[in-house]
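Dear colleague,

Please find the structure below, handed over for your study. My notes on its salt bridges follow.

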Amino acid sequence: MPIRITWRKDGQVILSGSGVTIETKEFMSSLQISSISLKHNGNYTCIASNDAATVMRERQLIVRVPPRFVVQPNNQDGIYGKAGVLNCSVDGYPPPKVMWKHAKGSGNPQQYHPVPLTGRIQILANGSLLIRHVLEEDIGYYLCQASNGVGTDISKSMFLTVKIPAMITSHPNTTIAIKGQNKELNCTARGERPIIIRWEKEDTVIDPDRMFRYSVATKDNGEEVVSTLKTLKGDVLNGVTPAALVAELSFIFENGRITPADRGDSGFFSCHAINSYGEDRGLIQLTVQEPPDPPELEIREVKARSMNLRWTQRFDGNSLILGFDIEYKNKSAPDGPPMDVILQPVTSQSIRVTWKAPKKELQNGVIRGYQIGYRENGPGSNGQYSIVEMKATGDSEVYTLDNLKKFAQYGVVVQAFNRAGTGPSSSEINATTLEDGKM
């Protein structure tokens with residue numbers, strides 16, 4: 001009876017082709033692989049059968065393949081504080097063992113040391129090196145080595161450059177200024193150049209080209225970038241156009257004329273450092289302290305020799321109120337009369353009166369006006385003064401008495417008054433109106 005012979009690999013029928021040749025004679029069959037590779041690993045089964053029976057034999061083929069790179073390491077950048085993967089993928093049989101070594105520094109590598117595998121650094125299943133949090137100390141050459149005991153070990157090096165995102169390294173968290181004191185806010189940043197530093201007050205970007213009150217000066221000293229926010233004197237810049245601003249600011253700084261801090265400068269300032277690899281922010285609280293605003297005073301229950309006071313505190317000057325001082329003084333009418341009273345007859349029915357205010361130390365406050373008393377000093381007069389009143393206009397005053405009797409003698413006195421009352425009168429001075437037709 002004829003015998004049928006077939007071949008299987010890992011349970012699948014094998015047909016001639018694709019580098020596999022099967023030759024079968026009457027009682028013999030052979031399987032030949034022209035170019036053996038890792039894919040030919042497996043269990044091979046030869047099956048012989050006829051109508052009477054079926055028999056089979058199985059053998060395992062192990063193909064040992066030296067390691068080779070699937071993905072080679074190449075120079076790359078890592079970003080400080082971020083995760084980075086150094087690519088290195090190999091295959092071979094038995095599966096190669098991958099080891100990573102590191103040589104610190106940017107010069108030619110002198111000596112490699114095994115990379116310590118910690119929680120921060122580990123080797124992935126495909127052989128790549130994972131750095132969960134890149135640090136500046138990770139900069140340098142890395143060597144990926146692979147071996148499996150077959151053929152020659154392989155290795156490939158690469159260089160890791162660590163890029164530093166913009167970071168704020170120094171700034172005051174809180175700072176205090178006294179009203180009238182010159183104040184500057186400084187912010188220091190480091191990272192890859194170029195670095196842009198932007199200042200904000202609350203949620204508003206400070207643009208010195210549009211907000212003339214502020215100036216920003218930035219200086220690169222090599223390792224760090226220092227930005228200084230200054231407040232400019234508003235009245236100096238009144239009317240200055242943006243085109244003339246640069247020269248004007250230079251003049252201000254050279255002469256040190258910088259606006260003292262005031263209440264409106266209190267608040268939160270932030271400096272933002274920005275480069276191609278990241279951004280950082282520093283928050284600064286500026287508090288401008290000043291004397292408190294006077295309270296709102298209410299006088300209650302006034303009695304003969306006492307009164308009750310009540311007040312409401314307003315702005316505290318951004319500082320704790322430690323106490324209140326109550327000052328009072330007695331207010332009274334002027335203690336002195338007007339000075340240098342002069343009468344000048346003007347017509348047959350008018351007299352011009354001029355005088356000066358009482359002495360300053362006798363005014364007891366602001367002189368609000370004057371009362372001019374006049375009376376006829378002739379036979380039949382009742383001796384009573386007629387009173388006219390006028391508002392104060394300055395240190396020297398003038399008033400013209402009209403509708404007087406013709407060619408009659410009049411006595412005139414003047415009194416000053418303030419909010420508290422009327423002071424003493426001047427000594428009476430006499431003058432006679434003119435006769436008709438005389439000027």
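A search of the whole structure, which is a predicted model, finds 17 salt bridges. A salt bridge here is a side-chain nitrogen of Lys or Arg within 4 Å of a carboxyl oxygen of Asp or Glu.

One of them joins Lys 230 to Glu 184, with the closest N and O atoms 3.6 Å apart. This pair links distant parts of the chain, 46 residues apart: Lys 230 belongs to strand β23 (residues 225-231) and Glu 184 to strand β19 (residues 184-190). Helices (H or I, at least four residues) and strands (E, at least two) are DSSP runs, numbered from the N terminus. Lys 230 is buried at 15% relative accessibility, whereas Glu 184, at 38%, is partly exposed. Buried means under 20% relative accessible area, exposed over 50%, and partly exposed in between (1.4 Å probe, protein chains only).

Arg 263 has two partners to note. Its closest N–O distance to Glu 290 is 3.2 Å, and to Asp 293 it is 3.0 Å. Glu 290 is buried, at 9%, while Arg 263 is partly exposed, at 35%. Lys 179, Arg 263, Glu 290 and Asp 293 are linked in a network of salt bridges.

Residues are numbered from 1 along each chain as its sequence is written, and side-chain values use heavy atoms, leaving out hydrogens and water. Local features need pLDDT of at least 70, side-chain atom pairs count only at pLDDT 80 or more, and totals for chains, interfaces and linings use all residues.
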